Amino acid sequence: MKKQLQVVVTGGPGGGKTTALDLFRRELCHKIAVVPEAATVLFSSGITRSDNEQLIKMVQKTIFHLQKNLEDIYKVQYPERLLVCDRGSLDGLAYWPGTESDFFKEVNSTFEKEIARYDAVIFFESAGATGHDISSNNPVRNESSEQAALIDVKLQKIWSRHPQFYFVGSSESFVRKIMFGIMTLENVINRYQRP
């Protein structure tokens, strides 16, 4: 049996990830299943963001486990489709108030185990990283452009350690950036579909 491909689409807030995923879904609807972002699912349910370190850790642990559970549900629900994950289990590390080893101890995992879950990572650089506006259609996003740029750097440092890391840089043209992202995903899919 052929291994089910699992790709992460991630990046700092305001990177165009949500727009790209909507287009992926329309363009490749019978080939892919898009796993929703666990943080959006959680924050949409009434849980609010906090500066309290204990709460941040509790929320990030919940997001971590929810993300993995959603991915596992989609794997079983769509065995013939390629899984495209709106963020991955390692995203929480960028928001974690403690050390990396503390994070993995708390979630009972390792960096190696988590990175191995995914066949490729497509990283959409935040518009905030290049000083552009990060206005979003996601109502649970509340970062400023400066905060988005900092998160972007942290996420890039984490995910660029994946052997199949693809970078979609911020561009003057949002449409061109999204098109480049879609082409990157199609190339990744085609590479893994070859016999």
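Which residues are buried in α4? Select α4, residues 100-107, and look for Asp 102, Phe 103, Phe 104 and Val 107, which are buried. Buried means under 20% relative accessible area, exposed over 50%, and partly exposed in between, with a 1.4 Å probe and protein chains only. Helices (H or I, at least four residues) and strands (E, at least two) are DSSP runs, numbered from the N terminus.

Before moving on, some ground rules. This is a predicted model, in which local features need pLDDT of at least 70 and side-chain atom pairs count only at pLDDT 80 or more, while totals for chains, interfaces and linings use all residues. Residues are numbered from 1 along each chain as its sequence is written, and side-chain values use heavy atoms, with hydrogens and water left out.

**Stop 1: around α4**

Now step just past the end of α4. Asn 108 follows the helix, and its phi is positive, near 55 degrees.

**Stop 2: the rings**

Show the aromatic side chains. Rings of Phe, Tyr and Trp (its six-membered ring) pair if their centres lie within 6.5 Å; planes under 30 degrees apart count as stacked, over 60 as edge-to-face and the rest as tilted. By this rule there are eight aromatic pairs. Select Phe 64 and Phe 103. Their pair is edge-to-face, with 5.8 Å between centres and 90 degrees between planes.

Next, select Phe 123 and Phe 165. This pair is tilted: 5.8 Å centre to centre, 45 degrees between the planes. Phe 123 is in β4 (120-124) and Phe 165 in β5 (165-168), so the pair ties together parts 42 residues apart in sequence. Phe 123 is buried, at 0% relative accessible area. Phe 165 counts as partly exposed, at 22%.

A charge sits over a ring if NZ of Lys or CZ of Arg is within 6 Å of the ring centre and within 35 degrees of the ring normal. For another such case, select Arg 49 and Phe 43: the charged end of Arg 49 is 4.4 Å from the ring centre of Phe 43.

**Stop 3: the sheet**

Switch to cartoon view. Five strands form an open sheet in the order β2-β3-β1-β4-β5, with parallel pairing. Two strands pair if DSSP finds at least two bridges between them. β2 (32-35) and β5 stand at the edges with a single partner strand each, so one side of each has no neighbour in the sheet.

Select β3 (82-86). Five of its five residues are buried, so the strand is largely enclosed by the rest of the structure. Leu 82, Val 84 and Asp 86 point one way, and Leu 83 and Cys 85 the other. β1 (6-10) runs parallel to β3 and is joined to it by four bridges. Val 8 has Cys 85 as its bridge partner in β3. β2 and β3 also pair in the parallel sense, over four bridges; here Ile 32 partners Leu 82. At the other end, β4 and β5 pair in the parallel sense over four bridges, and Ile 122 stands opposite Tyr 166 in β5.

**Stop 4**

Where does Ser 89 lie? Look in the loop between β3 and α4. Ser 89 counts as buried, at 2% relative accessibility. Its side chain makes a polar contact with the side chain of Glu 114 (2.7 Å). A polar contact is a pair of N or O atoms within 3.5 Å; within protein, one must be able to donate a hydrogen and the other to accept it, and residues adjacent in sequence count only if both atoms are side-chain atoms.

Finish at Gln 6, in strand β1. Gln 6 counts as buried, at 2% relative accessibility. The side chain of Gln 6 makes a polar contact with the side chain of Glu 71 (2.8 Å). Now select Val 121: Gln 6 and Val 121 are 115 residues apart in sequence and 9.1 Å apart in space, C-alpha to C-alpha.
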